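Good morning, everyone. Please take a look at the sequence and the model on the screen, and then I will walk you through some of the details.

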Amino acid sequence: MAFKEADYIWMNGEFVAWKDAKIHILSHVVHYGTSVFEGIRAYKTPKGTAIFRLPEHTRRLFNSAKIYRMEVPFTQEEINDAIKETIKKNNLESCYIRPLVYRGYNSLGVNPFPCPVEVSIAVWEWGKYLGPEALEKGVDVKVSTWNRMAPNTFPATAKVGANYMNSQLIKMEAIEEGYTEGIALDINGWVSEGSGENLFLVMDGKMYTPPLGASILAGITRATVIELAHNIGIEVIEMMIPREFLYTCDELFFTGSAAEITPIASVDKIPVGSGRRGPITEKLQKKFFDIVENGNDPYGWLYYV
């Protein structure tokens, strides 16, 4: 999905014109994927522009950097303030937010330590990730031939640029075969997640989702949906999920900062339930969007710009 360019990007403490936000071609990140990042949404609400679960996102950004021994040259509070200032600077009421921590230019070899750790923050207007109609009709997906990373290879709980080469393989295969998205299995054949989304299924009124040990990202929208479900009396079970449950469940949906809560209409051309959004998915969508779009936030998840 193309996006609309904003005016400014925050880079290492300064605002730079969008078209001038550049790095050297020999920066370590270009050659070795040494970046960690976040995807965050800010919503237009009746009370003003609000960022959804900003501290949780920033904490995960710093945890990802810690795993990769990247010393972030700013505090979490400074990054939070910079995100708010970047939204203001670009005069955006709603937007997608991409903070990025990366290894810059110094030397070129696998050893990243000589290269400086740099930070940028970009914001832009971005619609529904899987299409606006997908929120009701759902999307058609396939089980990918590509598996998610094995334990003790690439840490799945770190949101690192290099991991998304795996995601690209899943996404490209799905698109080439006429699907919107792919679902990956882990190395043992259990259900893992989409190319950039966590996964929930509904069976007999209960919700199921793969655990962190299934090579998934610890999604913030995932955690949000689990809490919303608990608070409306729906049991959520984290367990290893066999592939065949994707075909026999009553409802299936993706979650993510970009995808929000997007139902899945079919898997491998087998309809999920009625072949469109189910009642529990719809109920959770309404709860979620009532918070982020209407500002009805009893959880303290919105951070106003």
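First, a definition. A patch here is built from residues with over 30% relative accessible area and no salt bridge, and nonpolar side chains are joined within 5 Å. Keep in mind that this is a predicted model.

So which residues make the nonpolar surface patch? They are Ile23, Ile25, Leu26, Val30, Tyr32, Tyr105, Leu108 and Val110. The patch covers about 760 Å². Take Val30 as one of its members. Val30 sits in helix H1, residues 28-32. Its relative accessible area is 44%, so Val30 counts as partly exposed.

Now to the aromatic rings. How many aromatic pairs does a search of the whole structure find? Ten. One of them joins Tyr96 and Trp126: the ring centres are 4.5 Å apart and the planes stand at 75°, so this pair is edge-to-face. Tyr96 belongs to strand E6, residues 95-103, while Trp126 is in the loop between strand E7 (117-124) and helix H4 (134-137). The pair therefore ties together parts that are 30 residues apart in sequence. Are these two residues buried or exposed? Tyr96 is buried, and Trp126 is buried too.

Next pair: Phe200 and Phe253. This one is stacked, with 5.3 Å from centre to centre and 15° between the planes. Phe200 comes from strand E11, residues 198-203, and Phe253 from strand E14, residues 251-256. That is a link between distant parts of the chain, 53 residues apart. Both Phe200 and Phe253 are buried.

There is also an aromatic cluster. Its members are Phe52, Phe288, Phe289, Tyr299 and Trp301. And one ring has a charge over it: the charged end of Lys89 sits over the ring of Tyr8, 4.7 Å from the ring centre.

Glu193 is in strand E10, residues 191-194. Its relative accessible area is 4%, so Glu193 is buried. What does its side chain contact? The side chain of Asn198, in a polar contact of 3.2 Å.

Last topic: backbone angles. Asn91 has a phi near 55°, a positive value in a residue other than glycine. Asn91 lies in the loop between helix H3 (76-89) and E6. With 66% relative accessibility, Asn91 counts as exposed. Glu260 is not a glycine either, and its phi is positive at about 55°. Glu260 is found in strand E15, residues 260-267. Glu260 is buried, at a relative accessible area of 1%.

Thank you.

Key: Residues numbered from 1 in each chain as written. Predicted model: local features only at pLDDT ≥ 70, side-chain atom pairs only at ≥ 80, totals over all residues. Heavy atoms only, no water. Patch = residues over 30% accessible without salt bridge, like charges linked within 9 Å, V, L, I, M, F, W, Y side chains within 5 Å. Areas by Shrake-Rupley, 256 points an atom, 1.4 Å probe, with all protein chains shown as cover. Salt bridge = Lys/Arg side-chain N within 4 Å of Asp/Glu carboxyl O. Helix = DSSP H or I, 4+ residues; strand = E, 2+ residues; numbered from the N terminus. Buried < 20%, exposed > 50% of the residue type's maximum accessible area, 1.4 Å probe, protein only. Phe/Tyr/Trp six-rings, centres within 6.5 Å; stacked < 30°, edge-to-face > 60°. Lys NZ or Arg CZ within 6 Å of the ring centre and 35° of its normal. Polar contact = N/O pair within 3.5 Å; in protein donor to acceptor, adjacent residues only side chain to side chain.
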